[in-house]
Amino acid sequence: MSGQINAFEMAQKQFDHVAELLNLDPQVANVLRWPMREYSFRIPVRMDDGSLRIFQGYRVQHNDARGPYKGGIRFHPSETLDTVRALGTWMTWKCAVADIPLGGSKGGIIVDPSTISTGEKERLCRGWVQNMWKNIGPRIDVPAPDIGTTPQMMGWMMDEYSKLVGQYTPGVFTGKPLGGGGSEGRTEATGYGVIYNVREAMQHLGMDPKKSVAAVQGFGNVAQYASIGFVEILGGKVACVSCWDRNDKKSYTYSHKDGVDPRFLLTIVDQYGTVDQKKAQAAGYVREEGDAWIAKDVDVLIPAALEGQVNADSVKKISKRVKLVAEGANGPCTPEADEYFKAHGIFDIPDFLCNSGGVTTSYFESVQNDMNFYWTKDEVLQKLDGKMIQAFHAVLDMALKQKVYMRDAAYMVAIDRVARAMQLRGWV
Ligand code: NAD
C-alpha cells in the first residue's frame, strides 16, 4: 500500500521474468500481463447522521481461464486501482499453484472501517453488491474477506446478492461465519497449510521435525495456527512469537525457556493479535524487542505478520542454523533476502504456495455450499493436507528439474497452468 512502490508494476515485472524463463508465447504473455476486466464505481451510503457519503469501490478480474474469479475485498483508506490489480494478478497465481479450479480477482473500497458505524458498514457492503451483483456469482466471481472485512460482512453481502437474484446463493461469497454457510477448518486453514508445507520441506531437506525449533513473527490468525501446528502436528518447538502491541504501538518478541505454548498464548491474545504482556510475563515469558525473533538460534523462520520483514538489513541477523523459511505472510521477504537465502543455501517456501491453505479452504467452502452438504473439520483439514502436498511437490519438482529457486518454480508452475488453460479454451 506504500505510495512509492507501484504494486502492479511489481506484479508485472515478476510475471515478465517468469514468462522469459518459460519462453512463453508473447501473445499469451500479453493477455496475462493485464486483468481481463476492471470495475470502478461509486457507492452512495446514507450515514447515521442523515448525510449522504460517496465511497469509491473497485473489482478487478484478472483471469478466469481455470475457473470463476476468486479474491478478497479490502476496506482500506489507501486502496488504489493499481493495488487491486496487483492483488488480483497474484490471486490468479495463488489459485493456480494450489491447483484449485479458480481464477484471480480482488476488490476494495476506499474507507477506514474503524471510522464508520456497524449500520454504515452494512449499508456500504450492500452498496458494493448492488454495484457488482450482475458480474459476480458462484460461477462468475467469488469474493471473500481480506484486510478490513470480516465474516459478518460476507454474511451481509451474501444476503444482498441472494435478495437481488431471488434465491439463496451462499456460494457467491466465502469466508462466511460458521452456521451462516461458512466452512469448518477455515480458522486453522492458512496456518496449518503453512505447516503441511513445512513438513514436506523438512522431509526433502532431511530435517527431523521433532528436533526442530522455529521462530515465528506475528501472533494473528496465520501465526497462531502455524505455531500450534508446529508443536502439535510436527512435534517441534516454537522458541518465540513476535507481535505488535496496539497499546504501546511497539512490537515485542515473547519467548519461553521451554518453548512457547501457543494454546496458552491464544488465551491471552486479543482479536488484533496483541498479547497481554502482564499475563505472559506472569507465566514465565521473556519479553524482548520486536525484531529479536529473527536472530534466534533456530532451524526454521516463519514470518507470518507483515510484508518486507526479512530484508537487506534484517536478513544478516539470521542464525547460521536456519535451514528453512516458510512465508506465512504475503511478501515478507524482499528480493535482497532472496539473494541471501540463495547464497547461504536456505530453503524458502514462497508466500503464494506457503499460505495458499486459506484460499484452498475457501474453495472447499463454496464446494460445500454448492452441494448443500457440510464436511467435518477433520474432513476439511485432511483434504487441505492432500492439496498442500500436491502443490508443494509440483513446485519442488519444477525447482529441481529446471534448477531454479522455489519462488521462480512456483511462478513457473502457476503461469504454465493458466497459459495451458487459455490455450485449451482456444483463447490464444
Ligand atoms: P492478523 O491481523 O490476524 O495478524 C497480524 C499479526 O501480526 C498480529 O499478531 C500483529 O500483532 C502482528 N504484527 C503486526 N505488526 C507487527 C510487527 N511490526 N512486528 C511483529 N508483529 C507484528 O493477520 P493474519 O490474518 O494473521 O495475516 C498475516 C499475514 O498473512 C498477512 O500478510 C496476510 O496478508 C497474510 N495472509 C493471511 C491469510 C489468512 O487466511 N488470514 C491468508 C493468506 C495470507
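Start by selecting Val45 and Arg53: Val45 stands opposite Arg53, which sits in β2. Keep in mind as you click around that this is a predicted model.

Now widen the selection to the two strands. β2 covers residues 52-63, and β1 pairs with β2 in the antiparallel sense over ten bridges. Next, bring up the rest of the sheet. It's an open one of five strands, with mixed pairing, and reading across you get β1-β2-β4-β3-β5. Colour β1 (37-46) and β5 (141-145) separately: both stand at the edges and have a single partner strand each, so one side of each lacks a neighbour in the sheet. Between neighbouring strands of this sheet, the average turn is 25°, direction ignored.

Time to zoom out and colour by domain. How is the chain divided by the domain assignment? Domain 1 takes residues 36-178, and domain 2 takes 187-354.

Next stop: the seven-strand sheet. This one is open as well, with mixed pairing, and the order is β9-β8-β7-β6-β10-β11-β12. Which strands stand at the edges here? Select β9 (286-289) and β12 (347-349): each has a single partner strand, so one side of each is left without a neighbour in the sheet. From one strand to the next, the twist averages 20°.

Stay in this sheet and pick β7 together with β8, residues 250-255. These two pair in the antiparallel sense over six bridges. Click Ser242 and look across: Thr253 in β8 stands opposite.

- Asn330: a polar atom of its side chain lies 3.0 Å from an oxygen atom of the ligand.
- Arg186: an N or O atom in the side chain is 3.2 Å from a ligand oxygen atom.
- Ser242: here a backbone N or O atom lies 3.5 Å from a nitrogen atom of the ligand.

How much of the ligand does the protein bury? Taken alone, the ligand exposes 830 Å², and the protein buries 76% of that.

Conventions:
Residues numbered from 1 in each chain as written. Predicted model: local features only at pLDDT ≥ 70, side-chain atom pairs only at ≥ 80, totals over all residues. Heavy atoms only, no water. Pairing = 2+ DSSP bridges. Helix = DSSP H or I, 4+ residues; strand = E, 2+ residues; numbered from the N terminus. Axes fitted to C-alpha atoms, helices over the stretch in contact; angles between N-to-C directions. Polar contact = N/O pair within 3.5 Å; in protein donor to acceptor, adjacent residues only side chain to side chain. Areas by Shrake-Rupley, 256 points an atom, 1.4 Å probe, with all protein chains shown as cover. Domains from an automatic or database assignment.
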